[in-house]
Amino acid sequence: TEAGRQVQPDPAKAYLDTFNGIQRKPGRDKRFIEAFRLIRDLDPKVSQGVWNFIRLINPGFTLMAVSRVNGEDTPVGGAAQQRLDELATRVGADYGGGLDSFHDVLGLMAVTSGAVSAEVEPSDGLNDVNEWYPIDPLNITFKRVLIENGGEYVDGSPRTEQQMGQMDAAGKFHQLPTEQVFYQPIDPDVDVPYGRPPMVSAVQTVIAIAQVLNDVQAMAHMAGYPRLEAKLVWESLMTRMPAALRENGDEAQVEEWAGKMLRAVAVDFEELKSDDTFVHYDWMDLGTVPGGDVFDYDRLVGILHDRLNSALKQLRVMTGEDVGVTNGSVQWNIQALGIKALRRPIKRTIEKLANASLQLWGYPYVASIEYDELRTTDRLYEAQAVVLGGKALADDVRQGWRDNDEAAQMRTGHDAVDEPLREKIAGQTAEGEFVGQPTGEDNPGETQEENQGSRETTKWSKAWDEYVLA
């Protein structure tokens, strides 16, 4: 085993990466992302998908200063927490101010650009924080640079390292301090550190839907204003032909005269408006041209909307479809996992900004964000599961498969506070004396009062069976 990395990253383009920076793949370049931002704001369905994600990504959260020991976080409170709380009220001043607004800006950035980037601005004395700034991820460029005295890869080429920076107008690369500027990509490819916008595949489907809407517009225009058909009746037209031409003219002269008449009609039609009355001679026969067979618009649009929902990573009910239909807990749980995955780079970025702020203030702590719970299951299903689980445990106790305390621990987290209902109704008195078998029949040797207790016990036993087996 040798020290250092052995395999050169993407040798086929290592030269360009070293001099021009690592290039973005098609669909992640600046022009494409800016076009998607326009579609994001103009297309209703895409806009709703973005709106849903931004609101679900941020259900509410708490930023805490914690002491981290062996992976265990302990909130520290005190002055460190007070300074974080004060900072949270004023960061993102350019966007309305406050950490909530700042979080939403990062959320829109993640959904649109496939990455989250931000910067902390220290004070002149490097002992306080002036501001946190979101950064457009398109302004970040990664580049591979040679490592001085870094040795070689196994293929003999010199070793390189990846740096984060920004290109100026002249194309010169300027490295950025990673202690101050942070970049979190979403699902980057190998050797391409830029993120993948999760909704960018919607562009193709939005364009297809726009084309369908143009076709529907043309069909609606044809249905509302059908094309007119003007037919010149040749026999009637011949009776209007000058006698000299009709009797002595050759075929070419007759065709020229008929063509002149046809062109005159065409000129009149070109000047005709949709609501004009067309006055014509009886040698002209007017009609309309019927449209072609209408395609199955609903089915086509349904296919396109399904593709768009997939591109937007949305359940149909979240984009206004399947209204009144409740998606199952499994589908929503999958959706919630996707929302939490989009939240992760935002969480890490804010925590890094807060960590840098705590270091500037001189506190030996780290920051941690805890989000409010995002419900992932239907409460009715949860309640039903609790009831069924309780019945199963009660039946286990009844069958003697586990004791009452074990069942209580599994259900409530503590030992049972009383005897099982089955034992209580089986005939135990307060002193532990046997009362009678739950047969419902009078037992010889029992008093009338004891026989009445036996019959009541039978009623409770039947009720218990109905409860367990329900």
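Student: Is Phe102 buried or exposed?
Tutor: Buried means under 20% relative accessible area, exposed over 50%, and partly exposed in between (1.4 Å probe, protein chains only). Phe102 has a relative accessibility of 0%, so Phe102 counts as buried.

Student: What kind of model is this, and how are residues numbered?
Tutor: This is a predicted model, where local features need pLDDT of at least 70, side-chain atom pairs count only at pLDDT 80 or more, and totals for chains, interfaces and linings use all residues. Side-chain values use heavy atoms, with hydrogens and water left out, and residues are numbered along each chain as its sequence is written, from 1.

Student: Where is Phe102 placed?
Tutor: Helices (H or I, at least four residues) and strands (E, at least two) are DSSP runs, numbered from the N terminus. Phe102 and Trp132 are 30 residues apart in sequence and 8.7 Å apart in space, C-alpha to C-alpha. The place of Phe102 is helix H5 (residues 99-113).

Student: Which residues of helix H4 are buried, and why are they on the same side?
Tutor: Helix H4 covers residues 78-88. The buried residues there are Ala80, Gln81, Leu84 and Leu87. The arc is that of the directions from the helix axis to the C-beta atoms. These residues are on the same side of H4 because they cover an arc of only 125 degrees around the axis.

Student: How many salt bridges are there?
Tutor: Side chains of opposite charge can pair when their charged atoms come close. A salt bridge is a side-chain nitrogen of Lys or Arg within 4 Å of a carboxyl oxygen of Asp or Glu. By this rule the count is eleven.

Student: How many residues apart in sequence are the parts that Arg37 and Asp136 tie together?
Tutor: The closest N and O atoms of this salt bridge are 2.9 Å apart. Arg37 lies in helix H2 (residues 30-42), and Asp136 in the loop between strand E4 (129-134) and strand E5 (141-146), so the parts tied together are apart in sequence by 99 residues.

Student: Which residue forms a salt bridge with Asp128?
Tutor: The closest N and O atoms are 3.5 Å apart in this pair. The pair links distant parts of the chain, 45 residues apart: Asp128 is in the loop between strand E3 (115-122) and E4, and the partner is in helix H4. Asp128 is partly exposed at 26%. The partner is Arg83.

Student: Which residues join into one network of salt bridges?
Tutor: Some salt bridges share partners. Those shared partners make one network of Lys25, Arg28 and Asp189.

Student: What is the phi of Asn70?
Tutor: Most residues other than glycine have a negative phi. Asn70 is found in the loop between strand E1 (61-69) and strand E2 (72-75). Asn70 is exposed, with a relative accessible area of 77%. Although Asn70 is not a glycine, its phi is positive, at about 55 degrees.

Student: What is the phi of Asp191?
Tutor: Asp191 is found in the loop between strand E8 (181-185) and helix H6 (202-224). Asp191 is partly exposed, with a relative accessible area of 24%. Asp191 is not a glycine, yet its phi is positive, at about 65 degrees.
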